[in-house]
Amino acid sequence: MEEKEMAERIRQKKFFKNNGIVLKGINLLRTKYVQLSELRYALEPTITESELRDSINYLTESGYIKLRNINSKQETTLADCDFESIEAKVSADGIKIIACVKTDECIDV
């Protein structure tokens, strides 16, 4: 196996693991929204901010978490709102992933 290919596989595996960590981190408060800035502090240095953003983006686009603006309470995305102004909550599909009722090859739980 080439060094470049090996490095890519390691990066990919870390992404899958990070997705599981982020999903479970958001789920800690269950019915409450979690501020992404607080989640970032809780997960440092295990997950960098760019890795957190990648995971948040994937989990949002896959429908496993919901994002909303802290002030307006309106649904939002990472592209539309400042990271510091967003809070997240796990969706029903996200809970199924955590409970291992549903699987996603990009999430290690």
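Is Thr76 buried or exposed in this structure? With a relative accessibility of 13%, Thr76 counts as buried, where buried means under 20% relative accessible area, exposed over 50% and partly exposed in between, computed with a 1.4 Å probe on protein chains only.

Before I continue, a word on the basis of these values. This is a predicted model, in which local features need pLDDT of at least 70 and side-chain atom pairs count only at pLDDT 80 or more, while totals for chains, interfaces and linings use all residues. Residues are numbered from 1 along each chain as its sequence is written, and side-chain values use heavy atoms, with hydrogens and water left out.

Let me return to Thr76. It is placed in the loop between strand S2 (65-69) and strand S3 (86-90); helices (H or I, at least four residues) and strands (E, at least two) are DSSP runs, numbered from the N terminus. Apart from neighbours within four places in sequence, Thr76 contacts Leu67, Arg68, Asn69, Cys81 and Ile86, a contact being heavy atoms within 4.5 Å.

The loop between S2 and S3 also holds Lys73. Lys73 is partly exposed, at 43% relative accessibility. Its phi is near 65°, a positive value in a residue other than glycine. Cys100, in the segment after helix H4 (92-98), likewise has a phi near 65°, and Cys100 is exposed, with a relative accessible area of 56%. A further backbone feature is the cis peptide bond from Glu44 to Pro45, with omega near -5°. Pro45 belongs to the loop between helix H2 (36-43) and H3. As background, most residues other than glycine have a negative phi, and most peptide bonds are trans.

I turn now to the helix packing. How far apart are the axes of helix H1 and helix H3? Helix H1 (residues 3-27) and helix H3 (residues 49-61) have axes 9 Å apart and pack at an angle of about 75°. The axes are lines fitted to C-alpha atoms, for helices over the stretch in contact, and angles run from 0 to 180 degrees between N-to-C directions. H1 and H3 are therefore roughly perpendicular to each other; angles of 65 to 115 degrees carry that description, those under 35 count as roughly parallel, those over 145 as roughly antiparallel, and the rest as oblique. On the H1 side, the residues making the contact include Lys14, Phe15, Asn18 and Val22, and on the H3 side they include Glu51, Leu52, Tyr58 and Leu59. By class, the contact of H1 with H3 has 8 nonpolar, 3 polar and 3 charged residues. Here Ala, Val, Leu, Ile, Met, Phe, Trp, Tyr, Cys and Pro count as nonpolar, Asp, Glu, Lys and Arg as charged, and the others, Gly among them, as polar.

Next, the aromatic residues. The structure holds 2 aromatic pairs: rings of Phe, Tyr and Trp (its six-membered ring) pair if their centres lie within 6.5 Å, and planes under 30 degrees apart count as stacked, over 60 as edge-to-face and the rest as tilted. Phe15 and Phe16 make a tilted pair, 6.3 Å centre to centre with 55° between the planes. Phe16 counts as buried, at 14% relative accessibility. Phe15 and Tyr58 make an edge-to-face pair, 5.8 Å centre to centre with 75° between the planes. Phe15 lies in helix H1 and Tyr58 in helix H3, so this pair ties together parts that are 43 residues apart in sequence. Phe15, Phe16 and Tyr58 form one aromatic cluster.

Two arginines also involve rings. The charged end of Arg68 sits over the ring of Tyr33, 3.7 Å from its centre, and that of Arg40 sits over the ring of Tyr41, 4.9 Å from its centre. The criterion is NZ of Lys or CZ of Arg within 6 Å of the ring centre and within 35 degrees of the ring normal.

I close with three buried positions. Tyr64, in the loop between H3 and S2, is buried with a relative accessible area of 5%. Leaving out residues up to four places away in sequence, Tyr64 touches, among others, Leu23, Tyr58, Val90 and Gly94. Gly94 is found in helix H4 and counts as buried at 0% relative accessibility. With the same exclusion of residues up to four places away, Gly94 touches Leu23 and Tyr64. Finally, Glu87 is in strand S3 and is buried, with a relative accessible area of 7%. Its contacts beyond four places in sequence include Tyr33, Lys66, Arg68 and Lys73.
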